[in-house]
Amino acid sequence: MSITRTPPGPELRLLMSLAAWTWQGSGPDGREIAHILITHTTALTDGSTAVTAEDRMRRLSACLGGLTGAREVIPELKPCLQLVGDYVLLHIPGASRRLRLPTRRPWTELVTRTGQAILLLGFDPLPQSAGAARLDAYLDAALAGDRLLFGRVQLPPPTPSADVCSTCGGSGTDPISGRACPDCSLHCRLEP
């Protein structure tokens with residue numbers, strides 16, 4: 001009998017203290033890609049040491065599948081992004097809730113189109129109220145001090161439903177011609 005140990009999920013205290021930012025930028029290959037930065041607020045360090053806060057962020061990295069440093073190959077993590085209406089959520093395995101990411105329509109459209117984003121996990125605290133200039137300074141300092149971890153997060157692959165026509169999506173109308181879908185079964189046909 002073999003036993004596989006999985007890292008424990010992040011504690012609620014950590015989840016409640018996370019701050020997140022999203023933006024569009026260039027990837028290493030020059031193509032446009034979505035970015036996500038997750039840090040913790042100073043609330044996580046109140047009453048505990050910075051080492052403990054860093055340990056918690058490293059545990060979060062382990063829960064996500066193991067992010068790496070800037071000089072290493074960025075790993076592809078398990079699909080953990082989820083689109084729900086206009087919202088983008090980050091699923092952290094072992095956590096009781098999903099982290100809602102702050103997004104704008106162009107960023108969400110980029111994630112929808114590419115199916116992925118680069119996740120940056122910062123060890124040092126940064127309040128959610130930080131503006132663009134402070135965020136840039138944080139990224140510069142964290143990168144120089146090797147205080148960021150990187151990973152590539154993805155949307156889950158689309159799964160066609162067995163009971164919905166792959167051509168019309170169940171509408172009964174061919175999306176190209178606008179006529180009745182020639183490929184769908186009777187369950188897709190509109191009732192008169």
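Tutor: A helix here is a DSSP run of H or I with at least four residues, and helices are numbered from the N terminus. The model under discussion is predicted.

Student: Where do E54 and R58 lie, and how far apart are they?

Tutor: Both belong to helix 2 and are four residues apart, about one turn of the helix.

Student: What makes the contact between E54 and R58 a salt bridge?

Tutor: The cut-off is 4 Å between a side-chain nitrogen of Lys or Arg and a carboxyl oxygen of Asp or Glu. The N to O distance for E54 and R58 is 3.1 Å, so the pair qualifies as a salt bridge.

Student: Why is E54 called buried?

Tutor: Buried means under 20% relative accessible area. E54 has 16%, and therefore counts as buried.

Student: Why is R58 called partly exposed?

Tutor: Its relative accessible area is 41%, which lies between the 20% and 50% limits, so R58 is partly exposed.

Student: What does the salt bridge of D124 and R147 tie together?

Tutor: These side chains meet at 2.9 Å, N to O. D124 lies in the loop between strand 7 and helix 4 (132-144), and R147 in the loop between helix 4 and strand 8, so the pair ties together parts that are 23 residues apart in sequence. D124, at 26% relative accessibility, is partly exposed, as is R147 at 22%. Salt bridges that share partners join E54, R58, D124 and R147 into one network.

Student: How do you know whether D29 and R31 are buried, partly exposed or exposed?

Tutor: R31 stands at 60%, which is over 50%, so R31 is exposed. Their closest N and O atoms are 2.8 Å apart, within 4 Å, so D29 and R31 form a salt bridge. The structure holds five salt bridges.

Student: How many disulfides does the model have?

Tutor: The count is zero, where the rule requires two cysteine sulfur atoms within 2.5 Å.

Student: Which residues have the most contacts inside the largest nonpolar core?

Tutor: They are I36, I38, L81, L90, L101 and V153, in a core of 29 residues. Helix 2 gives the most to this core, with four residues. L90 touches several residues, including I38, C80 and V153. A second, separate core of 14 residues includes L37, L120, A130 and L135.

Technical notes
Residues are numbered from 1 along each chain as its sequence is written. This is a predicted model: local features need pLDDT of at least 70, side-chain atom pairs count only at pLDDT 80 or more; totals for chains, interfaces and linings use all residues. Side-chain values use heavy atoms; hydrogens and water are left out. A nonpolar core is a set of buried Ala, Val, Leu, Ile, Met, Phe, Trp, Tyr and Cys residues joined through side-chain atoms within 4.5 Å. Buried means under 20% relative accessible area, exposed over 50%, partly exposed in between (1.4 Å probe, protein chains only). Helices (H or I, at least four residues) and strands (E, at least two) are DSSP runs, numbered from the N terminus. Contact means heavy atoms within 4.5 Å. Lists of a residue's contacts leave out its neighbours within four places in sequence.
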